[in-house]
Amino acid sequence: MSDPNASVPLPGWYPDGTGAQRWWDGRAWTVYVAAPAVGQGIPRGAATAQLGDRPRIDERAPVDSVWTWALAVLPILVSAAMMLHPGFRMLLTLSSGNLPQSQLGGLFDVLWFVLLQAAIGLLSLAGQAFLASRDHAHLRELGVVRPFPWAAALLGSLVYLIGRHVVLRKVTPTAGLPMWVCAGLTALFLVVALVVSFGVALGPLSS
């Protein structure tokens, strides 16, 4: 790999000439060595400790893909769309005990909205898991060793993005912009939802 005229190999594990596999970061050999066969001259305990680390990857690698951005934005957009549904306001009015007698016939609409919300919630979780799995595969292709588990997205896209950012900070400089965008949109959504909820609850009292 010292020939200047040869094409530079991608980051990955390659034989280093000693019988072991060593991590090549795209520019030079690193200190990370995979466990060699017994008797190769490298202490077995040291090799095992090195395997617990995460080698650096190329700083130019595009760690934030379309899958990452979709995971950061789409769940919030789905939640916002559900909040704009007429059934959301009626559900809030019903929960506050201020549903007028003239609207009692709309209870079926409320039940339908609740069922629709549950179905869309399950689909949203499945979508988050799919997007996280694709992002996880993308990071592995870039050479990230043990990316954050994609199944954490089932707890919420922000949970996955935070864990993802913690792992990536160990292998490459990253600002974690998708994580911050998701956190900002989540905070904004919660504020708007609280304002709308209080508005619906206090509306009949002020009329």
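**Exercise 1. Determine which residues are joined to arginine 164 by salt bridges, and where they lie.**

Solution. Step 1: The side chain of aspartate 135 meets that of arginine 164 in a salt bridge, at 2.7 Å from N to O. A salt bridge here is a side-chain nitrogen of Lys or Arg within 4 Å of a carboxyl oxygen of Asp or Glu. The model is a predicted one, in which local features need pLDDT of at least 70 and side-chain atom pairs count only at pLDDT 80 or more, whereas totals for chains, interfaces and linings use all residues. Residues are numbered from 1 along each chain as its sequence is written, and side-chain values use heavy atoms, with hydrogens and water left out.

Step 1: Aspartate 135 belongs to helix α4 (residues 107–141) and arginine 164 to helix α5, so this pair ties together parts that are 29 residues apart in sequence. Helices (H or I, at least four residues) and strands (E, at least two) are DSSP runs, numbered from the N terminus.

Step 2: Aspartate 64 also forms a salt bridge with arginine 164, and the closest N and O atoms are 3.1 Å apart. This pair links distant parts of the chain, 100 residues apart: aspartate 64 is in the loop between α1 (44–51) and α2, and arginine 164 is in helix α5.

Step 3: Aspartate 135 and arginine 164 are both buried. Buried means under 20% relative accessible area, exposed over 50%, and partly exposed in between (1.4 Å probe, protein chains only). Arginine 164 has a relative accessibility of 5%, while aspartate 64, at 27%, counts as partly exposed.

Step 4: The shared partners join Asp64, Asp135 and Arg164 into one network of salt bridges.

**Exercise 2. State how many salt bridges the whole structure contains, and describe the one formed by aspartate 58.**

Solution. Step 1: The search of the whole structure finds 3 salt bridges.

Step 1: The partner of aspartate 58 is arginine 60, with the closest N and O atoms 2.9 Å apart.

Step 2: Aspartate 58 is buried because its relative accessible area is 17%. Arginine 60 is exposed because its relative accessible area is 67%.

**Exercise 3. Describe how helix α2 packs against α5.**

Solution. Step 1: Two packed helices are described by the angle between their axes and the distance between the axes. The axes of α2 (residues 66–84) and α5 come within 9 Å and cross at roughly 145°. Axes are lines fitted to C-alpha atoms, for helices over the stretch in contact, and angles run from 0 to 180 degrees between N-to-C directions.

Step 1: The crossing of α2 and α5 is left-handed. A crossing is left-handed if the near helix is turned anticlockwise from the far one by less than a right angle, and right-handed if clockwise.

Step 2: Thr68, Leu71, Ala72 and Pro75 of α2 meet Ser157, Tyr160, Leu161 and Arg164 of α5. These contact residues divide into 5 nonpolar, 2 polar and 1 charged. Ala, Val, Leu, Ile, Met, Phe, Trp, Tyr, Cys and Pro count as nonpolar, Asp, Glu, Lys and Arg as charged, and the others, Gly among them, as polar.

**Exercise 4. Describe the backbone and the setting of arginine 146.**

Solution. Step 1: Most residues other than glycine have a negative phi. Arginine 146 has a positive phi of about 50° although it is not a glycine.

Step 1: Arginine 146 is located in the loop between α4 and α5, where it is partly exposed, with a relative accessible area of 35%.

Note on methods
Contact = heavy atoms within 4.5 Å.
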